[in-house]
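Me: I would like to learn how to read the packing features of a protein model, one feature at a time. Please give the general idea before each case.

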Amino acid sequence: MSEHDRRHPDQSSDAASETAGNDPHDSPAARFDALYGAHAGPLIQQALVLTGRARLARRAVQRAFRTAWQRWPEVAAAPDPVGWVRAAAHDYALAPWRRPLPGLRPAERPGPGTPAPPPAAPQDHALLVAVRALPVPYRRALLLHDGLGLGLHESALEVEASTPAATGRLTHARECLAERLPELGLAGLSPDAQGAVLRSRLTALAASRPVVPPPAPEVRADAERWTRLTTRAGFGAAGLLAVTALAVSFTAPDGYRPPRPVVAASGPAVPPSARAAAPPVAQQAQRGPQHRASHHPPHHPPRHRAAAHRALPPSARLSPDVR
């Protein structure tokens, strides 16, 4: 250490950290490219074993790495970045809405990005068909434990299940394969021997489907483009909502006016023409009592009212006859 470093230790450490931070091999893009270059191809092969569809497997892995680049600080700080990407790819590839009925699923045609895989050997094809016939939880547990060599605890953590549940899924998957493919010789073997046989067969099956993933810079550029599109769509939706709220505030009335209550009249209905011709109440008050009396019906004695009541039909009487 020089004399200057002894006198200014803080400055020397800061300079060393700046030098390490300027290293292009330690940048986020470089670390992402290294992760992608080492694991993109094997992950596509694993997704192909899970789904049997080359295009879906490629799309699932590309989407998982695109999401990983969008959330790179979280992925880089994860204990197992490869497991993070693998879980995202398997979740996308095995989603229920991406598993149409076999009779309605169109055949995948080779394209420039996904060339047609070479024809598999008969035993590999039979194993692939048997694996795809398993339920999705059994299939995933089989691939993680027997195909990739993960422990039961690690497999359970990746599929978000308990260790006994993952063990049961793996046991049932092996039983189904032993019943469907007797030529594997799984019946009568110990669990460790069954795992060794299936590990070798699944590894050979994945290696027989070579894939060529797209370059890492292309995946990063695609992720950044999707981020920009999502941000613009969010701002556009917020602006549209604000304009709609402003338009509603301008077109709405100033205040709430409750409807006028309708009071049913107890007497006979009066036509509008008669109501218009009737004198106001104030004019009636100014007139004399003789004029007001002329508008009231004559007073009938009780005898005449009883006779009129008996003249009504029985159904229209509200009280018994008054004798």
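**Burial, rings and cores**

Reply: At 15% relative accessibility, Gln194 counts as buried, where buried means under 20% relative accessible area, exposed over 50% and partly exposed in between, with a 1.4 Å probe and protein chains only. Gln194 is found in helix H11 (residues 191-207), and helices (H or I, at least four residues) and strands (E, at least two) are DSSP runs numbered from the N terminus. This is a predicted model, in which local features need pLDDT of at least 70 and side-chain atom pairs count only at pLDDT 80 or more, whereas totals for chains, interfaces and linings use all residues. Residues are numbered from 1 along each chain as its sequence is written, and side-chain values use heavy atoms, with hydrogens and water left out.

Me: Which residues does Gln194 touch, not counting residues up to four places away in sequence?

Reply: With contact meaning heavy atoms within 4.5 Å, Gln194 touches Arg174, Leu186 and Leu189 once residues up to four places away in sequence are set aside. For the protein as a whole, the secondary structure comes to 16 helices and zero strands, and buried residues make up 25% of the 323 residues.

Me: How should I read aromatic pairs, and how many does a search of the whole structure find?

Reply: A pair of aromatic rings is described by the distance of the centres and the angle of the planes. Rings of Phe, Tyr and Trp (its six-membered ring) pair if their centres lie within 6.5 Å, and planes under 30 degrees apart count as stacked, over 60 as edge-to-face and the rest as tilted. The search of the whole structure finds six aromatic pairs. In one of them, the ring centres of Tyr36 and Phe65 are 4.8 Å apart and the planes stand at 75 degrees, so the pair is edge-to-face. Because Tyr36 lies in helix H3 (residues 28-51) and Phe65 in helix H4 (residues 54-70), this pair ties together parts that are 29 residues apart in sequence. Tyr36, at 4% relative accessibility, counts as buried, as does Phe65 at 1%.

The rings of Trp69 and Trp72 have centres 6.3 Å apart and planes at 40 degrees, so that pair is tilted. Trp69 is buried at 17% relative accessibility, and Trp72 is buried with a relative accessible area of 8%. Phe32, Tyr36, Phe65, Trp69 and Trp72 form one aromatic cluster.

Me: What sits over the ring of Trp69?

Reply: A charge sits over a ring if NZ of Lys or CZ of Arg is within 6 Å of the ring centre and within 35 degrees of the ring normal. Here the charged end of Arg220 sits over the ring of Trp69, 5.7 Å from its centre. Arg220 is among the buried residues of H12, together with Ala216, Val219 and Ala223, and the buried residues of H12 pack against H3 and H4.

Me: Which element gives the most to the largest nonpolar core?

Reply: In soluble globular proteins, nonpolar side chains tend to be buried together. A nonpolar core is a set of buried Ala, Val, Leu, Ile, Met, Phe, Trp, Tyr and Cys residues joined through side-chain atoms within 4.5 Å. The largest has 22 residues, and those with the most contacts inside it are Phe32, Leu35, Tyr36, Val61, Phe65, Trp72 and Val85. Two or more residues come from each of H3, H4, helix H5 (72-76), helix H6 (81-93) and helix H12 (216-251), and H3 gives the most, with eight residues.
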